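Have a look at the model first, then read on for the packing and the charged pairs.

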Amino acid sequence: MKSSLHIKFIGMSIQKNDCALFPGQQIIATSVGAMCTALLMTPFDVVRIRLQSQQQPLSKGDCFVFRNGLGDHVCSCFNETKAVPWYNRSIPGQYSGTIDALLKITRSEGIRSLWSGLPPTLVMSLPNTVIYFTAYEQLKCVMGYKRTNLNPIIPGIAGGSARMLAVVVTSPLELIRTKKMSQQLSYSDLLKILRVSIEADGFRSLWRGLIPTIWRDLPFSIFYWSSYEQLKLFITKKFGATQTLSAFYSGATAGALATILTHPFDTVKSIRQVQIGNNQPQKTDRTIYILRKMLREQGLQSWYKGLIPRLLKVSPACAIMISTIEFFREHVFK
């Protein structure tokens, strides 16, 4: 009896401070949100890759960045003996655009082809997403955030700290996955390479590419969560929208603004990911050096190359993810 009262008291105190979800509930809500986001966004990236390979087919050893709505993942190409790999398949006639490609791929290969490449990338992105969103909610509550007394500093600090935690934990796993895919190594060979790398450069070698990731993800998270929480309160009060609907609109808007702000760092991150996957030697790993070189050789527009496609993916992905979590908070775990 005493324990049940204690749990009830804790639940009341958490709800009072706008922390309606326990960590276990947050993990469930985040996992469902991540699956919904990946399932809805992956077909558009499959089409993007197919449109690119239509112009220039990918060959053995090439790498491309696969975005499933939750994160960016380097995928390497290998010669297939049994069938043509999904990223190089072609059908009679060419794709004239995104909608045309969606329809033709569905008719000729079946609807399941729109989710090609999702399973291996989902294995990596799901832990990162769960750590990120769960840590954010718990840190925000521990720091005393309340919707009735908004302090934009708290969501920003909580979001930045949560992103740092998720990136630091999962970066070695992503690097190992990229290395294994790019060189088609067995696990024993992979362990030997990692051992040699650690002996030569220390354990920091497992976090290669971490700085460009932080340059992109940390400002994004700080700006995103600070603006998201304020936008959600404004929309709820101004238009009387439900928490779920407010979260959807706020997530889309905050995601778009944060994308524009951090896109130059995303460009550098994509360059580094493909270079690691292709095992290309690098003169320097410094993010500022790469940005300066791009500005000097290609102009300011090189920093924002691919901004529109990224906006079209990140903004709805943020909206779907956060509104799913808010739906669980409002209706499932109320």
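Helices here are DSSP runs of H or I with at least four residues, numbered from the N terminus. The model is a predicted one, so to speak of local features takes a pLDDT of at least 70 and side-chain atom pairs count only at pLDDT 80 or more, while totals for chains, interfaces and linings use all residues. Residues are numbered from 1 along each chain as its sequence is written, and side-chain values use heavy atoms, with hydrogens and water left out.

**Nonpolar cores**

- A nonpolar core is a set of buried Ala, Val, Leu, Ile, Met, Phe, Trp, Tyr and Cys residues joined through side-chain atoms within 4.5 Å; buried means under 20% relative accessible area (1.4 Å probe, protein chains only).
- The largest such core has 28 residues, and Phe133, Tyr224, Trp225, Tyr228 and Ile322 have the most contacts inside it.

**Around Phe133 and Gln26**

- Contact means heavy atoms within 4.5 Å.
- Setting aside residues up to four places away in sequence, Phe133 touches Gln26, Thr30, Trp225, Met321, Ile322 and Ile325.
- Gln26 sits in helix 2 and is buried, with a relative accessible area of 1%.
- Beyond its neighbours within four places in sequence, Gln26 is in contact with Leu21, Phe133, Thr134, Glu137 and Ile325.

**Salt bridges**

- A salt bridge is a side-chain nitrogen of Lys or Arg within 4 Å of a carboxyl oxygen of Asp or Glu, and the count comes to 8 by this rule.
- Lys313 and Asp45 pair up at 3.9 Å, N to O. Lys313 lies in helix 10 and Asp45 in helix 2, so this pair ties together parts that are 268 residues apart in sequence. Both residues are buried.
- Asp100 bridges to Lys104, with their closest N and O atoms 3.2 Å apart. Both lie in helix 3 (residues 98-109), 4 residues apart, or about one turn of the helix. Lys104 is buried, at a relative accessible area of 18%.
- Lys140 and Glu229 meet at 3.3 Å, N to O.
- Shared partners join Glu137, Lys140, Glu229, Lys232, Glu326 and Arg329 into one salt-bridge network.

Conventions. Buried < 20%, exposed > 50% of the residue type's maximum accessible area, 1.4 Å probe, protein only. Helix = DSSP H or I, 4+ residues; strand = E, 2+ residues; numbered from the N terminus.
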